[in-house]
Amino acid sequence: MLAAVSTPSFRPSSQATAASRDRDDACPGALRLHTADDGALARIRIPGGVLRVDQAQALGRAARDLGDGELHLTSRGNVQLRGLESGCGAELAQRLSNAGLLPSWRHERVRNVVASPLSGLDGRGFVDVQPWLRELDALVCASEAAARLSGRFLFALDDGRGDVATLGADVTVRAAPGGGAWLRVGASDAVVSVRFEEAPRAALLAAEVFLEAADGRAWRMSELTGQTSVLVSETVRRLQAAEPTATPAWRVTAEPPSGPVTAANGTTSLSVLAPLGRLTAPQWSELTASAVHELRLTPWRGVILPTAPTSRLSHLAAAGLITDPASPWAGVGACIGRPGCAKSHADVRADAATALGPTGGLPVYWSGCERRCGRPRGDHVDVVAEQGGGHQVSVVRDGLAQAMPRNPSQLAATVAAARTQDHSHDQ
Ligand code: SF4
């Protein structure tokens, strides 16, 4: 049993950075709607992206009855409903609560957990993270302190394959070979070894240590510049864990490709992508009709249907979902852009659709303005609409952006070249 040692007075000696909470955390939620140009917007946290079929049906009905009928998948496997009437908040909350999607109203915006979506389905990874997911969510909802986390704080539960461990979470738990787990705080270059059954509690404890250190001045670990080692030390002390060790080489696995997923025992599951993360009402209906017991929304704006038969793939493809890994939509993302967002300089979704190119290469993300909401972590091609027209195309590798030459009449070709550009000889 993990023996956590509480020290309420814990404060790091140096100061949190200035990039701190000088304003309220305005992150939208299911109970705090955001006003957009196309109506009110609700962001519903779905820990691990896991939805029972009845919950998915309830979400579809809420989108249809209260909003514009569509469901938008986010880069954390959450769902956004758009085009809502401004006065529908109480009814939406009641519907979500009835479906079991609001287990704690006080924690509704802080249940941000990504988890390896194929865990337990394809024989890869060291463990099935679903038990971790359920326990961590229950612990977060039971924690008074955790209610003070920001809507941006992120937990990641990786089954060892290295998919969600690379998403820049504030607290990452990754299954280790041999049955244990590694706990990583922010972008620390050290990990703390914990036992399998201790992992969810250790993750919450690391978040609680962060809250004490941040003292209301930071939303995310990365804002406590220079504090990570102090946070790791305090977490280790309270866990009574062994000293941290250097972060092992993180194996990195790409997002699940579209199509059937087969386990060693022959069981199949299905993986599909939603073009630009946007699911129409008929597409959502087809997904819920194809699901056997649950759906898993991925941080790459896809959906996994555990144990669903391959015969459903043709139905899903006919509905416009991506079932072929060679689809030109694979790896293409975009923010909402015009007309949904007033800040956008262009209809970047339409731009992305007209600039689809060959499959493969780096993922590409289209943003309507410099804020780049929802852009992916890691290497990618960054396309940003500019005031007055035109787009800036850049290749982002290792956090550094290299602009492509401007050629407005050849935007699709520029994006395609950026996605496949060979940087192996760069200095
Ligand atoms: S990146 Fe800009 S245009 Fe796109 S959703 Fe965010 S604020 Fe709006």
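Strand β18 (residues 364–367) is covered on both faces, with V364 and W366 buried on one side and Y365 and S367 buried on the other. Here, buried describes a residue with 20 or more other C-beta atoms, placed from the backbone, within 10 Å of its own; strands are DSSP runs of E with at least two residues, and helices are runs of H or I with at least four, numbered from the N terminus. The model is a predicted one, in which local features need pLDDT of at least 70 and side-chain atom pairs count only at pLDDT 80 or more, while totals for chains, interfaces and linings use all residues. Residue numbers start from 1 along each chain as its sequence is written.

Strand β18 runs parallel to β17 (residues 332–334), and three bridges join the two. Among the residues involved, G333 has Y365 in β18 as its bridge partner.

Beyond its neighbours within four places in sequence, L157 is in contact (C-beta atoms, placed from the backbone, within 7 Å) with V113, A115, V129, W132, L133, L136, V164 and V173.

Definitions and conventions. Contact = placed C-beta atoms within 7 Å. Buried ≥ 20, exposed ≤ 12 C-beta atoms within 10 Å, placed from the backbone. Pairing = 2+ DSSP bridges.
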